[in-house]
Amino acid sequence: MEIIEIVRDIQDFSESLRLRGKRIAFVPTMGYLHDGHLKLMEEGKKRSDCLVTSIYVNPTQFGPGEDLDKYPRDFERDERLSKDAGVDVIFYPPNSQMYPENYQTYVNVENITNNLCGLTRPVHFRGVATVCAKLFNIVKPHVTIFGRKDFQQLVVIKRMVTDLNMDIEVVGMPTVREPDGLAMSSRNAYLKEDERESALSLSRSLKRAADLYNHGQRDAGIIIKEVKDVIEKHPGTRIDYIKICDVETMKDAGRLDERSVLALAVWVGTPRLIDNYVFGENK
Ligand code: AMP
């Protein structure tokens with residue numbers, strides 16, 4: 001496994017693979033890897049001759065006062081896990097490679113970023129779209145794998161790839177959970193012992209919503225109220241949003257169909273955790 005820090009070096013590396021007819025899969029991450037990331041890598045491995053991952057905590061997707069400085073990092077551990085997962089190259093750039101002096105170009109995906117996480121994190125998706133566009137130009141993958149845990153992010157990346165005619169297949173993978181239902185996240189590392197129990201409120205509330213849906217409930221307002229009740233029963237939780245939206249437009253839905261997603265963001269002590277459920281999927 002190679003570790004490459006310089007943009008030009010990985011561009012040359014990818015170009016030579018492409019000239020030899022090899023297929024490149026790419027899994028972008030912010031590191032502090034867990035089984036959710038490893039599943040994406042496993043999928044990338046199946047779909048390519050060369051698996052590239054990036055480990056980069058992208059400053060432009062964090063707003064002022066968010067957890068950029070505290071974001072968990074452990075490159076040695078990530079290196080070990082990546083190697084075991086069969087990663088061929090880790091792209092591990094310093095900020096000076098990604099945002100050199102005089103940097104001033106950003107990618108702004110419009111309507112679909114005006115809801116959910118876009119409401120409370122106004123610069124977030126601009127940062128995500130920008131860094132992913134840059135990483136795609138740097139790594140030149142044929143296929144890129146994202147997790148559906150970050151549902152809106154996946155929709156944004158698919159929109160950007162379509163709108164900007166990027167010749168890349170975008171694959172979305174199911175959310176990987178702990179045995180008790182908690183969606184895996186690098187930010188779970190922030191949870192104190194008592195908060196860990198309250199963090200289960202997210203997956204429990206999704207289960208409640210799925211049960212209601214499976215019993216015929218189609219009124220978004222009623223489901224949202226039930227979800228809110230489940231979350232608020234857990235101490236130390238503070239709801240950012242609970243929304244039911246169309247899976248593609250990200251517009252709020254009044255009544256549910258099989259194109260509806262329930263998305264949540266909840267602070268549990270320090271970390272803000274997200275989770276989602278697409279109605280009609282197994283739960
Ligand atoms: P992050 O390092 O948090 O930026 O995530 C990198 C990629 O891993 C993104 O595509 C995420 O959606 C995906 N991911 C994070 N957590 C999970 C999870 N629990 N299950 C599946 N994919 C995940």
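**A helix pair and a strand in a predicted model**

In this predicted model, helices α8 and α9 cross in a right-handed sense.

User: Why are α8 and α9 called roughly antiparallel to each other?

Analyst: The axes of α8 (residues 193–214) and α9 (residues 220–232) cross at roughly 150 degrees. Angles over 145 degrees count as roughly antiparallel, and the two helices are therefore described in that way. Their axes come within 9 Å.

User: Which residues of α8 meet α9?

Analyst: From α8, the residues are Ser201, Arg204, Ser205, Arg208, Ala209 and Leu212. Their counterparts in α9 are Ile223, Glu226, Val227, Val230 and Ile231. This contact comprises six nonpolar, two polar and three charged residues.

User: What makes strand β8 largely enclosed by the rest of the structure?

Analyst: A residue is buried if its relative accessible area is under 20%. Eight of the nine residues of β8 (residues 260–268) are buried, and the strand is therefore largely enclosed.

User: How do you know that β7 and β8 pair?

Analyst: Pairing requires at least two bridges between the strands. Nine bridges join β7 (residues 237–246) to β8, and the two strands run antiparallel. One of the bridge partners in β8 is Trp267, which pairs with Arg238.

User: How many bridges join β8 to β9?

Analyst: Seven bridges join β8 to β9 (residues 272–278), and these strands also run antiparallel. Leu262 stands opposite Tyr277 in β9.

User: What do β8 and β9 form?

Analyst: They form a hairpin with three residues between the strands. In the turn, Gly269 has a positive phi of about 65 degrees.

How values were computed. Residues are numbered from 1 along each chain as its sequence is written. This is a predicted model: local features need pLDDT of at least 70, side-chain atom pairs count only at pLDDT 80 or more; totals for chains, interfaces and linings use all residues. Side-chain values use heavy atoms; hydrogens and water are left out. Axes are lines fitted to C-alpha atoms, for helices over the stretch in contact, and angles run from 0 to 180 degrees between N-to-C directions. Helices (H or I, at least four residues) and strands (E, at least two) are DSSP runs, numbered from the N terminus. Angles under 35 degrees count as roughly parallel, over 145 as roughly antiparallel, 65 to 115 as roughly perpendicular and the rest as oblique. A crossing is left-handed if the near helix is turned anticlockwise from the far one by less than a right angle, and right-handed if clockwise. Contact means heavy atoms within 4.5 Å. Ala, Val, Leu, Ile, Met, Phe, Trp, Tyr, Cys and Pro count as nonpolar, Asp, Glu, Lys and Arg as charged, and the others, Gly among them, as polar. Buried means under 20% relative accessible area, exposed over 50%, partly exposed in between (1.4 Å probe, protein chains only).
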